[in-house]
Amino acid sequence: MLRVDDARARILAALTALPPRPVALTEAVGAVLAESLRAPEALPPFDNSAVDGYAVRVGCVRGASAAAPVTLRVVGEVPAGRLAEGLVLAPGTAVRVMTGAPVPPGAEAVVMREDTDERGEAVGVREPAEAGENIRRAGEDVRVGDEVLGAGAVLKPSAVALLAALGVGRVAVHRRPRVALVATGDELVWPDERPSPGQIRASSALALEALVRAAGGEPAQLGIVRDDRAALEAALTRAAEADLILTTGGVSVGDHDLVRQVLEAQGAIAFWRIDMQPGKPLAFGHWAHTPLIGLPGNPVSSLVGFELFARPAIRRLAGHTDLIRPPMQARLAADHEKRAPRRQFLRATVRWSETGLQATLSARQGSHQLTGLAEGNALVVLPEGPGQWAAGDAVEVMLLEELEAYGRRDPDAE
Ligand code: AMP
Ligand code: MG
């Protein structure tokens, strides 16, 4: 049986980033840049004031203090968005400027409004100023021609802000992977249908759709396919138009486990069993040259399998280079004994605490028991072979969600 890391490595080795295409910046959020971008402009674009105050010559306010303020004549005012047209700072004068306003020629510093006494036509300055004080220089953030983002950069909101500031409206990003979802099983009905006796709802279908989207893919729901060879082959052929096919069910050793059988007969199958729990029956192969991950049928197994194999696969197709959630450490909240030989991914809740992360295992760990996964936010990863852990022992955890500081008091609220 394949180890988890080897299985993932084999899947990832079979995939490459999808070709780039130009998109509007507004559609690029979350995508991966396929080109290196150089700054067409400088940031800030012009020298401007960092505060509301008075633009001055440094020599005019040398030695100024509260006891001996320097009085300057106010010769004009520049709000943000205007030019200091015609204003030149002659000795003995000041120009009133707002935050973001271009500083007038001749100005060497801006004195904060708080350090002045405003008297209409004149201003009393109570502090000396150093050259350049409170002036944001053109190009001090980005110079024209600087590489601002490299190929492979993720267009997170702050990166979008940077490009927006530079006036970059279109970027070449790796295409969003289209992921076809196929649920298999005679016993399944769609989640909004009423099951007949012996039937169940295809619970993982909608979850996988959401997970695909969260991973940066574009899901295409192809519905439920009966355990029938011809129907399955037809569905897979439709699904092969996508960049990746995800099936659920039918990859084990049952007589009706047709996904594995049709892949073996007419597609290509690289492996179908992994040394892990839950989710041992998990296949990787191709159907008509489209990569296919055959997730297990049990809903917890399929969602765990998605996290371990499909999410990194989608990220690789989307051009990401960081593919897996980083392993982290947490302390177990209670003693735990592991008897199973396979590597385990136990459903857990990880909480932030002053002393570090703490992991509480869910009470229900069956691969059919969705509550353990739904109530938690993490998987505790226990290595192959039996083992004993005491409360407080460190274990590897895989966070599936962003961790808020649960229970941490907001210092501002007191
Ligand atoms: P299979 O691998 O096809 O034998 O399925 C294993 C178990 O998972 C069986 O109990 C199936 O009824 C169940 N199952 C299969 N597909 C789904 C699904 N999409 N949602 C929920 N349960 C499923
Ligand atoms: Mg089945």
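Student: Which residue in β16 stands opposite L181?
Tutor: Helices (H or I, at least four residues) and strands (E, at least two) are DSSP runs numbered from the N terminus, and two strands pair if DSSP finds at least two bridges between them. Strand β13 (residues 178-184) and strand β16 (residues 218-225) pair in the parallel sense over six bridges. In β16, the residue opposite L181 is Q221.

Student: Before we go on, what kind of model is this?
Tutor: Residues count from 1 along each chain as its sequence is written, chains are lettered from A and ligands numbered from 1 in the order in which they are written, and side-chain values use heavy atoms, with hydrogens and water left out. Local features need pLDDT of at least 70 and side-chain atom pairs count only at pLDDT 80 or more, while totals for chains, interfaces and linings use all residues, for this is a predicted model.

Student: And which residue in β17 stands opposite L181?
Tutor: Strand β17 (residues 244-248) runs parallel to β13, joined to it by five bridges. The residue of β17 standing opposite L181 is L246.

Student: How many of the seven residues of β13 are buried?
Tutor: Buried means under 20% relative accessible area, exposed over 50% and partly exposed in between, with a 1.4 Å probe and protein chains only. Strand β13 is largely enclosed by the rest of the structure, because its buried residues number six.

Student: Is S204 buried or exposed?
Tutor: S204 lies in helix α3 (residues 203-214). Leaving aside neighbours within four places in sequence, S204 is in contact (heavy atoms within 4.5 Å) with T248, P299, S302 and L303. Its relative accessibility is 7%, so S204 counts as buried.

Student: Are α4 and α5 roughly parallel or roughly perpendicular to each other?
Tutor: The axes of α4 (229-239) and α5 (residues 258-266) come within 10 Å and cross at roughly 70 degrees. Angles under 35 degrees count as roughly parallel, over 145 as roughly antiparallel, 65 to 115 as roughly perpendicular and the rest as oblique. That angle therefore makes α4 and α5 roughly perpendicular.

Student: Which residues of α5 are buried?
Tutor: Elements covering the buried part of α5 include β13, α4, β17, β18 (268-273), β20 (281-287) and β21 (290-295). The residues they cover are L258, V259, R260, V262 and L263.

Student: How many charged residues are in the contact of α1 with α6?
Tutor: Helix α1 (residues 4-13) and helix α6 (residues 299-317) have axes that come within 10 Å and cross at roughly 30 degrees, and the two helices are therefore roughly parallel. V4, A7, R8, I11, L12 and A13 in α1 meet L308, F309, P312, A313 and R316 in α6. Ala, Val, Leu, Ile, Met, Phe, Trp, Tyr, Cys and Pro count as nonpolar, Asp, Glu, Lys and Arg as charged, and the others, Gly among them, as polar. By class, the contact has nine nonpolar residues, no polar ones, and charged residues numbering two.

Student: How far apart in space are G198 and I324, C-alpha to C-alpha?
Tutor: G198 lies in the loop between β14 (188-189) and β15 (200-201), and counts as exposed because its relative accessibility is 72%. In sequence, G198 and I324 are 126 residues apart. In space, C-alpha to C-alpha, their separation is 38 Å.

Key: Axes fitted to C-alpha atoms, helices over the stretch in contact; angles between N-to-C directions.
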